[in-house]
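Dear colleague,

I am handing over the structure we spoke about, and I would be glad if you would look through it with the notes below at hand.

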Amino acid sequence: EALLALHVSPDFRGKAETAELGLAEIEELALAIHEAFRAERWKQEWVWGPKRDPHANPRTTPMLAEFCKLPRDKQESNRFSSRSALVQLAALGYRLERAVPGKAAAGVLDEDLKTLRPVEHDRWLRERLQSGWAWGEPGNDPLRLNSDIVHFDSLPDSEKELDDAAKVVLTMLPKLGYVLVK
């Protein structure tokens with residue numbers, strides 16, 4: 001301890017324990033968020049199709065493609081979602097640290113996760129609105145109309161399930177060597 005103090009500044013230990021995710025980790029989180037989206041859509045009996053059609057039987061969406069086959073803007077949306085989830089968790093008082101044997105991770109409260117779902121939807125909503133999308137029923141991707149461009153409380157429950165990016169991030173962090181502490 002004394003030897004360490006001779007060679008580093010007093011704030012070294014805090015900086016060494018503070019974690020930031022690198023590009024590879026953000027990519028893993030984005031992939032996991034997309035896979036969770038795909039799993040939820042499959043559970044709802046959607047299938048891959050070249051265009052989104054919530055009224056077809058079965059319902060179709062191109063978003064069921066593998067992450068690497070998504071258009072760049074859709075890949076980036078998943079990356080932004082993972083970064084946003086970390087910012088939202090930080091706003092609730094959680095801090096990202098590297099996993100250390102014997103150091104317990106914070107259990108994120110269910111009510112904290114519930115507060116993050118509308119925030120994730122608002123993030124997605126802002127992203128769409130800034131890209132020129134508007135509300136429309138039925139949705140029409142070429143015209144940039146989507147029936148989910150509404151307040152979170154107005155979404156059907158099946159759509160609210162898709163706004164669980166923070167939950168996916170929480171599941172992935174330990175696999176990437178990180179924990180959240182409060």
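Predicted model: local features only at pLDDT ≥ 70, side-chain atom pairs only at ≥ 80, totals over all residues.

Along its principal axes the C-alpha trace spans about 70 × 30 × 30 Å. Of the 182 residues in the chain, 40% are buried. Among the contacts with a separation of 6 or more, 61% are accounted for by residues 24 or more positions apart.

The largest nonpolar core holds 21 residues, and within this core Leu 21, Val 169, Leu 173 and Leu 180 touch the most other members. Two or more residues each are given to this core by helix 3 (23-43), helix 4 (72-91), helix 5 (110-130), helix 7 (165-172) and strand 6 (178-181). Helix 7 gives the most, with five residues. If residues up to four places away in sequence are not counted, Val 169 touches Leu 29, Ile 33, Ser 82, Ala 85 and Leu 86.

Turning to the packing of the helices, I started with helix 3 and helix 7, whose axes come within 9 Å and cross at roughly 125°. An angle of that size makes helix 3 oblique to helix 7, and helix 3 passes helix 7 in a right-handed crossing. On the helix 3 side the contact is formed by Glu 28, Leu 29, Ala 32, Ile 33 and Ala 36, which meet Ala 165, Val 168, Val 169 and Met 172 in helix 7. By class, the residues of this contact divide into eight nonpolar, no polar and one charged.

Helix 7 also packs against helix 4, at an angle of about 85° and with the axes 9 Å apart, and the two helices are therefore roughly perpendicular to each other. Here Ser 81, Ser 82, Ala 85, Leu 86 and Leu 89 in helix 4 meet Ala 165, Ala 166, Val 169 and Leu 170 in helix 7. The contact of helix 4 with helix 7 has seven nonpolar, two polar and no charged residues.

Arg 123 lies in helix 5 and, because its relative accessibility is 3%, counts as buried.

Apart from residues up to four places away in sequence, Ala 65 touches His 34, Arg 38, Trp 48 and Leu 70. Between Ala 65 and Asn 146 there are 81 residues in sequence and 19 Å in space, C-alpha to C-alpha.

With best regards

Methods
Residues numbered from 1 in each chain as written. Heavy atoms only, no water. Core = buried A, V, L, I, M, F, W, Y, C linked by side-chain atoms within 4.5 Å. Buried < 20%, exposed > 50% of the residue type's maximum accessible area, 1.4 Å probe, protein only. Helix = DSSP H or I, 4+ residues; strand = E, 2+ residues; numbered from the N terminus. Contact = heavy atoms within 4.5 Å. Axes fitted to C-alpha atoms, helices over the stretch in contact; angles between N-to-C directions. Parallel < 35°, antiparallel > 145°, perpendicular 65-115°, else oblique. Left-handed = near helix turned anticlockwise from the far one by under 90°. Nonpolar A, V, L, I, M, F, W, Y, C, P; charged D, E, K, R; others polar.
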